[in-house]
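Here is a quick tour for anyone meeting this structure for the first time. Have a look at it, and then we'll walk through some of its parts.

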Amino acid sequence: MLVCEVCGQALSSEAAVRRHLRRTHPGRQPRCPLCGTAAPGCEELRRHIEAAHPEPGPPGGRRPELAVGLPECPFCGEAAGRELEAHVRARHGHLLGAPGADTGNGEQLYECPMCSLSCTNIQILEEHVELHLQEQSFSEGGNMRDLELAQRLQTEEDKWQRSEEEKREREEFKKLQRQYGLDNSGGYKQQFLKNMEREVDRGRMQPFEYHKRKADMMECLAFGIDDGKTKTSGVIEALCKYYQNENKDVRHVWLSTGVDHFQSSLGDRGWGCGYRNFQMLLSSLLQNSSYNDCLRDTTLIPSIPKIQSMIEDAWREGFDPHGASHFNNRLHGSKAWIGACEIYSLLTSLRIKCQIIDFHKPTGPMGTHPRLFEWVLRYYSTENEGGAKVVCTSKPPIYLQHQGHSRTVVGIEEKKNKTLCLLLFDPGCPSQEMQKLLKQNSDGTSLKQLRKFVGSLKEKQYQIVAVDGVLSLEEKAARCHASQVLTSEKIP
């Protein structure tokens with residue numbers, strides 16, 4: 001048993017003495033525990049012990065060098081690393097015992113909680129356990145660095161993915177802005193001029209025609225009226241004559257009041273269908289004296305920029321604030337698409353009584369909407385239940401909206417087999433095709449572009465705006481208040 005020269009604590013080995021001096025008396029001059037010789041430092045003391053007090057062994061034998069940074073044997077300080085446990089069992093077995101065993105003389109055994117070795121000296125066991133912890137810390141140092149590297153790489157990967165996702169979202173948002181005309185790329189006027197310039201470049205338009213049409217357009221925009229160059233009138237009257245002479249498979253047909261067809265032009269192609277369908281509906285209302293008071297300030301068909309300003313006026317009155325916010329309260333000068341809600345707000349602001357009917361899901365096989373056809377039939381046939389084959393009603397046309405496009409319902413056929421067929425004006429149909437319907441000798445082939453059977457309308461959702469009279473000022477105010485949360489009648 002060795003004794004600390006500084007404090008007199010009994011220690012079990014030279015290694016224990018060295019550790020005790022390093023930990024308990026740092027800065028003091030170490031002394032050899034075997035002969036008392038002072039040494040300037042621990043390394044010098046180690047060399048002194050190896051030279052002056054060699055262990056028994058072959059002549060010239062030296063203590064093995066210890067691996068730097070690895071834990072030493074708590075009994076003699078020789079073995080280190082992986083050989084430590086085998087060394088302790090072989091060289092210092094007399095200090096150890098099997099777990100749970102008794103020494104035979106009543107001494108208590110202390111068991112290592114990490115490797116199940118046991119010994120009779122609690123201090124030796126404490127140093128032994130501390131070596132386990134040092135070895136674990138040494139082995140975990142590399143693992144900790146690997147973990148930190150992995151975490152840093154994962155953080156960088158997550159940051160890159162977020163950046164890519166944000167980039168995709170920005171691109172998708174810009175795509176939607178372009179699709180719905182909200183990208184600040186100009187409106188009707190800018191597109192009209194750009195497309196005319198393209199026509200000149202391709203040789204389809206002469207420069208003098210370009211300047212003439214530009215001047216005409218600027219004059220119409222200044223007055224806020226449509227130039228009428230894409231309008232076709234008299235189609236409803238021509239249809240009425242055709243059906244009176246046609247006796248093949250049509251049992252009944254109901255037609256709206258007179259409606260002018262408006263085709264999309266160079267200035268609104270690709271986005272102006274909603275505005276063109278409003279022009280069609282308005283052309284019918286202007287021919288009905290019941291709406292003269294409501295439309296006394298709108299005696300001519302307005303241009304598309306003028307319609308945009310009219311919708312903005314409706315928003316300023318308080319109609320559909322949620323819808324207005326979708327467009328940032330601005331339509332004029334843009335290529336923004338409009339739908340049933342904007343048409344409802346505009347008509348109601350003019351004191352025209354209307355309603356939105358939402359056919360929000362298919363009601364027939366194969367994704368069809370037979371309930372839509374039945375509703376249109378009731379709309380046109382309610383006031384005309386007689387047996388006449390052709391009925392020219394006093395009903396205005398119906399605004400029909402689905403995702404990405406809108407059309408105008410001007411009538412409905414009932415075939416002899418009871419099937420129904422809508423008659424639609426489409427702003428995408430060229431004026432030249434519509435004018436074919438005006439010919440006296442028409443054989444009905446041009447009707448194909450108007451006819452839509454149940455199997456032809458398979459969009460997931462359709463909305464219609466149907467006009468039904470005039471509102472009083474009090475009714476208009478009530479509907480304006482109700483439009484704070486705009487609702488519709490849902491079918492089914």
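## The big picture

How many helices and strands are there in the chain? There are 14 helices and 16 strands, where helices (H or I, at least four residues) and strands (E, at least two) are DSSP runs, numbered from the N terminus. What you see is a predicted model, in which local features need pLDDT of at least 70 and side-chain atom pairs count only at pLDDT 80 or more, while totals for chains, interfaces and linings use all residues. Residues are numbered from 1 along each chain as its sequence is written, and side-chain values use heavy atoms, with hydrogens and water left out.

Of the 492 residues in the chain, 44% are buried; buried means under 20% relative accessible area, exposed over 50%, and partly exposed in between (1.4 Å probe, protein chains only). The accessible surface of the chain is about 26,700 Å², and carbon and sulfur atoms own 50% of that. Those areas come from the Shrake-Rupley method with a 1.4 Å probe, and for residues only the protein chains shown count as cover. Now take the contacts (heavy atoms within 4.5 Å): among those in the chain with a separation of 6 or more, 62% link residues 24 or more positions apart.

## Two helix pairs

Let's begin with helix 5 (residues 188-201) and helix 6 (residues 207-223), whose axes come within 11 Å and cross at roughly 170°. Helix 5 is therefore roughly antiparallel to helix 6. For the terms: axes are lines fitted to C-alpha atoms, for helices over the stretch in contact, and angles run from 0 to 180 degrees between N-to-C directions. Angles under 35 degrees count as roughly parallel, over 145 as roughly antiparallel, 65 to 115 as roughly perpendicular and the rest as oblique. On the helix 5 side, the residues that meet helix 6 include Phe192, Leu193 and Met196, and their partners in helix 6 include Met217, Met218 and Leu221. By class, this contact has 9 nonpolar, no polar and 4 charged residues. Here Ala, Val, Leu, Ile, Met, Phe, Trp, Tyr, Cys and Pro count as nonpolar, Asp, Glu, Lys and Arg as charged, and the others, Gly among them, as polar.

What about helix 9 (residues 304-317) and helix 11 (residues 340-349)? Their axes come within 9 Å and cross at roughly 75°, so helix 9 and helix 11 are roughly perpendicular to each other. Ile307, Met310, Ile311, Ala314, Trp315 and Glu317 in helix 9 meet Glu342, Ser345, Leu346 and Ser349 in helix 11. That contact has 6 nonpolar, 2 polar and 2 charged residues.

## Some buried residues

Leu346 belongs to helix 11 and is buried because its relative accessibility is 0%. Leaving aside neighbours within four places in sequence, Leu346 is in contact with Phe278, Ile307, Met310, Ile311 and Ala314. Its C-alpha atom is 8.6 Å from that of Trp315, which is 31 residues away along the chain.

Leu423, in strand 13 (residues 420-425), also has 0% relative accessibility, so Leu423 counts as buried. Beyond residues up to four places away in sequence, Leu423 touches a list of residues including Tyr243, Val253, Leu255, Val410 and Leu450.

## The cysteines

How many disulfides does the structure hold? The count is 0, with a disulfide being a pair of cysteine sulfur atoms within 2.5 Å. Cys240 is buried because its relative accessibility is 13%, and Cys294, at 11%, is buried too.

Cys354 sits in strand 9 (residues 352-359), and its 2% relative accessibility makes it buried. Apart from neighbours within four places in sequence, Cys354 is in contact with Tyr344, Leu347, Thr348, Val465, Ala466, Val467, Asp468 and Arg479. The C-alpha atoms of Cys354 and Asp468 are separated by 5.5 Å, with the two residues 114 residues apart along the chain.

Most residues other than glycine have a negative phi, and most peptide bonds are trans. Asn328 isn't a glycine, yet it has a positive phi of about 55°. You'll find Asn328 in the loop between helix 10 (321-326) and helix 11, where it is exposed, with a relative accessible area of 64%. Lys418 has a positive phi of about 75°, and it isn't a glycine either. Lys418 is in the loop between strand 12 (405-415) and strand 13, and it counts as exposed at 51% relative accessibility.

Finally, a cis peptide bond joins Ile491 and Pro492, with omega about 0°. Pro492 is in the segment after strand 16 (489-490).
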